[in-house]
Amino acid sequence: MGSACIKVIKYFLFLFNLLFFILGAVILGFGVWILADRSSFIFVLQTSSSSLSVGAYVFIGVGAVTMVMGFLGCIGAVNEIRCLLGLYFVFLLLILIAQVAAGVLFYFNMDKVKQEMGSIVTKLIQNYKDGQEDRLQEGWDYVQAQGKCCGWVSFYNWTDNAELMNRTNVTYPCSCEDRGEDDSQRRRNGFCEAPSGNRTESGNSPEDWPVYQKGCMEKVQAWLQENLGIILGVCVGVAVIEVLGMLLSICLCRHVHSEDYSKVPKY
């Protein structure tokens with residue numbers, strides 16, 4: 001193989017490893033974001049389900065390993081160190097297999113994840129307490145206020161909350177209040193009484209609540225689908241770079257094996 005061709009392979013491998021390092025940092029950052037987020041539906045899922053936290057740590061682990069492998073690949077490519085190139089190929093293959101296995105596992109458990117989401121939110125609504133400082137409740141209030149929705153399937157989900165339904169005045173979740181375009185004065189947590197504050201013979205009827213009628217299920221699932229699409233795109237990009245990196249590392253490794261070993265730095 002000509003020296004010019006080897007130089008092209010070497011610097012292409014260096015470039016791929018640089019991209020690999022950057023994408024690893026993106027994956028690691030995504031895992032940290034899941035653990036650090038305190039103001040969206042991610043926090044609701046993370047607090048109620050250990051699977052999301054485990055997934056976040058997996059992302060952090062994979063991202064860290066990917067960054068290390070990208071760094072080692074850069075060194076092995078520039079200095080033509082056969083040992084590093086061989087280790088680089090093996091670890092890339094293992095990471096690729098792990099990514100494919102995780103993707104297949106997640107795909108076949110999507111329905112289970114959706115069911116788990118519904119049960120988490122339903123339980124949260126049932127146990128919601130007015131005036132209680134709770135990060136989980138605040139997370140769901142944020143989702144309803146930002147998504148302009150109420151409950152999971154519909155606002156009737158809130159009728160399962162005993163504390164709310166025992167109120168004699170017309171009382172509703174504050175974060176669900178529909179103020180049209182003007183929502184600057186909206187309270188975003190706890191329960192609110194309707195302006196009239198009148199007692200009704202039927203008690204606290206949900207038909208009298210000035211809230212959004214539509215549930216948050218479709219919006220939350222659409223939000224997750226959108227973010228999963230971004231994750232999938234990053235993972236596909238990483239996989240393509242991994243395959244190209246494996247091919248280039250094998251070519252360069254074979255060249256180092258067949259060339260004069262005096263060119264390889266001694267450590």
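Me: To start with, is Asp-130 buried, partly exposed or exposed?

Reply: Happy to take you through it, bearing in mind that this is a predicted model. Asp-130 is partly exposed, with a relative accessibility of 27%. Its salt-bridge partner is Arg-167, and the closest N and O atoms of the pair lie 3.2 Å apart. This pair connects distant parts of the chain, 37 residues apart: Asp-130 sits in the loop between H5 and H6, while Arg-167 belongs to the loop between helix H7 (162-165) and strand E1 (171-173).

Arg-167 has a relative accessible area of 24% and Glu-163 comes to 26%, so both count as partly exposed because buried would require under 20%.

Elsewhere, Glu-218 and Lys-214 meet through their side chains in a salt bridge at 3.4 Å, N to O. The search of the whole structure finds three salt bridges.

For the nonpolar surroundings, turn to Trp-158. Its contacts include Tyr-128, Leu-164 and Met-165, along with Trp-140, Cys-150 and Trp-209. Trp-158 is among the residues with the most contacts inside the largest nonpolar core, which has 27 residues. Helices H5 (110-126) and H6 (135-147) are among the elements that give two or more residues to this core, and H5 gives the most, with four.

Key:
Residues numbered from 1 in each chain as written. Predicted model: local features only at pLDDT ≥ 70, side-chain atom pairs only at ≥ 80, totals over all residues. Heavy atoms only, no water. Core = buried A, V, L, I, M, F, W, Y, C linked by side-chain atoms within 4.5 Å. Buried < 20%, exposed > 50% of the residue type's maximum accessible area, 1.4 Å probe, protein only. Contact = heavy atoms within 4.5 Å. Salt bridge = Lys/Arg side-chain N within 4 Å of Asp/Glu carboxyl O. Lists of a residue's contacts leave out its neighbours within four places in sequence.
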